[in-house]
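Subject: Structure handover and notes

Hi,

Here is the structure I promised to pass on to you.

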Amino acid sequence: MLPIGPYALKNRFILAPMAGVSEMPFRTIAFEQGAALCPTELVSAQGLFRINTRTLRYLRFNAKVERPYSLQIFGGEPEVMAQAAVIGKQHGAQIIDLNMGCPVKKVTKSGAGSALMCDPPRAGLLVKLIREATGLPVTAKIRSGWDSTNRNFLEMADALGKEGVAALAVHPRTRAQGYSGKADWSVIASLKRHVGNAFPIIGNGDVKTVEDATRMLETTGCDYVMIGRGALGNPWLFRELLGGPKPTREERATLVLRHFREHLAFVAHERVSREKLSPEEEAQRAERAAVHNFRKHLAWYAHGLAGASHFRNLVNRLDTKAEVESAVEQFFLGAERDVHAPPEEYDVDYRTALG
Ligand SMILES: Cc1cc2nc3c(=O)[nH]c(=O)nc-3n(C[C@H](O)[C@H](O)[C@H](O)COP(=O)(O)O)c2cc1C
């Protein structure tokens, strides 16, 4: 198995960076279930560069479990990116991952995210400057191109490879496609054929099961498989990929509760208050915000279980820690798998799906 920079990963399975999902609590759980690498969600290089308190909070990680710790940053200006990467390193980052796939206009209009696909030399320069500034391995995540007439993933691989990229992940849809249609795995296969063993290729897109992952490895020859939506509400997928069992009801209930409690603590710690509130009011606000933010995870965890749609309706009315804990215990300890459940629908808000 090809290493990523100096890091020999423990297996071939990587959690995808997902904004609003790949936060410290979920990354920790994914690592514990067997994922070999869990990059952070995209973090603004400008925010790091300006030492913005809010942005710095995204850098928190679980040093005991998150090894190696890969920080994804986005930005368009090479010097700002290099400086941001240095700050990331000072906060513990061991790998710097560059976002070259985000399709959102707010990001691409400043030359960041998938706009870098339109400028391979600048993308290469980012790798070079960040390597020089930090000495860390630099990875990148691209799409297949900007649109169907500009599918320049091989040119991107050359530009990044020339500057010593440590691994390249590809989500094989164009920027114009967003999340529509099927991921084109032939792009992953061509990339792997093209770069050989010069650096590892990480295949991504539409892997939801052990069978999908095996098929991606076999049909594309990629070195690693990156899983995003397939792990939503199902971090046990990483355990299954390594030959482990599906979760029991008790395991599911225990892990959902633990994720929720760690999420509460995380949000309370991350919160930057703009108003002057009493400590009690502040705690109440933080709890409510964390519960609302966790509703999506609860809906994902309920997928495929009998009574999931009723549970989802209930979840949308929960506001407090105690309410969530009681709902989780009641539902997950009792819920059987629903053999008639419709195929997985992700309920993802694609306006926040930044890759
Ligand atoms: C909610 C959500 C947020 C995402 N945020 C990011 C991100 O911050 N950085 C990134 O490179 N990709 C991001 N992506 C893209 C994923 O990393 C991945 O490329 C994409 O979901 C396709 O893989 P999948 O079919 O396994 O989900 C996001 C996707 C989703 C669904």
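Ala-159 counts as buried because 22 C-beta neighbours sit inside 10 Å; a residue is buried if 20 or more other C-beta atoms lie within 10 Å of its own, exposed if 12 or fewer, and partly exposed in between, with C-beta atoms placed from the backbone. Ala-159 belongs to helix H7 (residues 153–162). Helices (H or I, at least four residues) and strands (E, at least two) are DSSP runs, numbered from the N terminus. Leaving aside neighbours within four places in sequence, Ala-159 is in contact with Pro-120, Pro-121, Ala-123 and Gly-124, where contact means that the two C-beta atoms, placed from the backbone, lie within 7 Å.

Two housekeeping points before I go on. This is a predicted model: local features need pLDDT of at least 70, side-chain atom pairs count only at pLDDT 80 or more, and totals for chains, interfaces and linings use all residues. Residues are numbered from 1 along each chain as its sequence is written.

Val-170 lies in strand E6 and is buried, with 31 other C-beta atoms within 10 Å. Not counting residues up to four places away in sequence, Val-170 touches Ile-142, Ser-144, Phe-153, Val-187, Ile-188, Leu-191, Ile-201, Gly-203 and Asn-204. For Val-170 and Ile-201, the C-alpha to C-alpha separation is 7.6 Å, at 31 residues apart in sequence.

Helix H8 (residues 185–195) has Trp-185, Val-187, Ile-188, Ser-190, Leu-191 and Lys-192 buried. What do the buried residues of H8 pack against? They pack against strand E5 (138–145), H7, strand E6 (167–174), strand E7 (201–204) and helix H9 (210–220). Just after H8, Gly-196 takes a positive phi of about 55°.

On to the domains. The protein chain is divided into domain 1 (13–241) and domain 2 (249–334); the bounds come from an automatic or database domain assignment. Taken over C-alpha atoms, the centres of domain 1 and domain 2 are separated by 28 Å. At the boundary, 10 residues of domain 1 are in contact with 11 residues of domain 2. On the side of domain 1 that touches domain 2, helix H1 (24–33) and helix H3 (53–56) each supply at least two residues, and H1 gives the largest share, 4 residues. By class, that side of domain 1 has 5 nonpolar, 2 polar and 3 charged residues; Ala, Val, Leu, Ile, Met, Phe, Trp, Tyr, Cys and Pro count as nonpolar, Asp, Glu, Lys and Arg as charged, and the others, Gly among them, as polar.

The largest nonpolar core has 106 residues, and those with the most contacts inside it are Ile-14, Ala-35, Ile-73, Ile-96, Leu-168 and Val-225. A nonpolar core here is a set of buried Ala, Val, Leu, Ile, Met, Phe, Trp, Tyr and Cys residues joined through C-beta atoms within 7 Å. Helix H12 (residues 279–302) contributes the largest share of this core, 8 residues. Domain 1 and domain 2 both give residues to this core, so it lies between them. Leaving aside neighbours within four places in sequence, Ile-96 is in contact with Leu-71, Ile-73, Ala-85, Gly-88, Ile-130, Thr-134, Leu-136 and Val-138.

H12 and helix H13 (residues 308–315) pack at an angle of about 170°, with their axes 9 Å apart. Axes are lines fitted to C-alpha atoms, for helices over the stretch in contact, and angles run from 0 to 180 degrees between N-to-C directions. H12 and H13 are therefore roughly antiparallel to each other, the term for angles over 145 degrees. Arg-295, Leu-298, Ala-299 and Ala-302 in H12 meet Ala-308, Phe-311, Arg-312 and Val-315 in H13.

Finally, some backbone geometry to look at. Most residues other than glycine have a negative phi, and most peptide bonds are trans. The peptide bond from Arg-67 to Pro-68 is cis, with omega near -10°, and Pro-68 is in the loop between H3 and strand E3 (70–74). Ile-51 is not a glycine, yet has a positive phi of about 50°; Ile-51 is exposed, with 9 other C-beta atoms within 10 Å.

Best wishes

How values were computed:
Angles under 35 degrees count as roughly parallel, over 145 as roughly antiparallel, 65 to 115 as roughly perpendicular and the rest as oblique.
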